[in-house]
Amino acid sequence: MKYQGEIAKILDTGIAMSKEKDRNKLLDMILDSSMEIANCDGGTLYIRREDELCFQVMKTISMNVDKGKNGEVIDLPPVPMKEENICAYTLIHKKTLNIKDVYASKEFDFSGPYRYDKLTGYHTQSMLTIPLLNKEEEAVGVLQLINAMDEDGNIIAFDASLEHIILSLASQA
């Protein structure tokens with residue numbers, strides 16, 4: 001079976017989540033598992049608060065960034081709920097988006113990633129954003145994965161066939 005490992009990871013995460021009572025650790029588990037399944041370098045989990053998306057958990061493996069898992073505040077400005085922001089668009093339309101190259105895309109305002117890249121020396125390229133919906137199908141947050149990688153560590157587009165698997169995992173949030 002092609003995705004047997006990914007399915008096992010989702011099941012393992014579901015079992016671990018049912019035992020974990022700390023909300024921040026639960027969200028961290030979802031981000032970690034999603035990044036592992038998608039084989040990507042970075043990820044952010046945003047929570048909606050009124051008319052903005054706030055950083056809840058943020059990781060970038062190559063830069064040794066791991067923030068929010070213990071509930072500490074991430075000192076980055078929230079993302080306004082405007083359709084030109086990819087995360088906001090994902091939430092507003094409850095739609096998964098898979099961007100091969102943010103620098104080649106003209107569809108959204110990527111000024112946030114551009115500024116982050118300029119400040120840190122990072123290079124954001126591929127991006128997968130998935131809406132987080134509660135049991136009532138209300139949009140409550142966004143899972144964003146950054147820079148899928150091949151076996152040699154080269155940045156590639158996110159495999160479209162993984163979108164459903166990551167969506168299944170994100171739905172547990």
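This is a predicted model: local features need pLDDT of at least 70, side-chain atom pairs count only at pLDDT 80 or more; totals for chains, interfaces and linings use all residues.
Helix α2 covers residues 23–38, which makes 16 residues. From its first C-alpha to its last it reaches 23 Å, close to the 22 Å expected at 1.5 Å a residue. Twelve of the 16 residues are buried, so α2 is largely enclosed by the rest of the structure. Among the buried ones are L26, L27, M29, I30 and L31, and also N24, D28, S33 and S34. After α2 comes N39, with a positive phi near 50 degrees.

In soluble globular proteins, nonpolar side chains tend to be buried together. Here the largest nonpolar core has 22 residues, and the members that touch the most others are L45, L143, L145, F158 and I166. The most comes from α2, with six residues.

Leaving aside residues up to four places away in sequence, L143 touches L31 and S34, along with T44, L45, L128, T129, I130, L132, I166 and A170. Another core lies apart from the largest one; it has 21 residues, including V79, M81, L91 and F110.

Q56 sits in strand β2, residues 52–60. Its relative accessibility is 9%, under the 20% limit, and therefore Q56 counts as buried. With residues up to four places away in sequence not counted, the contacts of Q56 include R23, N24 and L27. Also among them are L45, Y46, I47 and R49, as well as K67, G68 and I74.

Key: Residues are numbered from 1 along each chain as its sequence is written. Side-chain values use heavy atoms; hydrogens and water are left out. Helices (H or I, at least four residues) and strands (E, at least two) are DSSP runs, numbered from the N terminus. The expected span of a helix is 1.5 Å times one less than its number of residues. Buried means under 20% relative accessible area, exposed over 50%, partly exposed in between (1.4 Å probe, protein chains only). A nonpolar core is a set of buried Ala, Val, Leu, Ile, Met, Phe, Trp, Tyr and Cys residues joined through side-chain atoms within 4.5 Å. Contact means heavy atoms within 4.5 Å.
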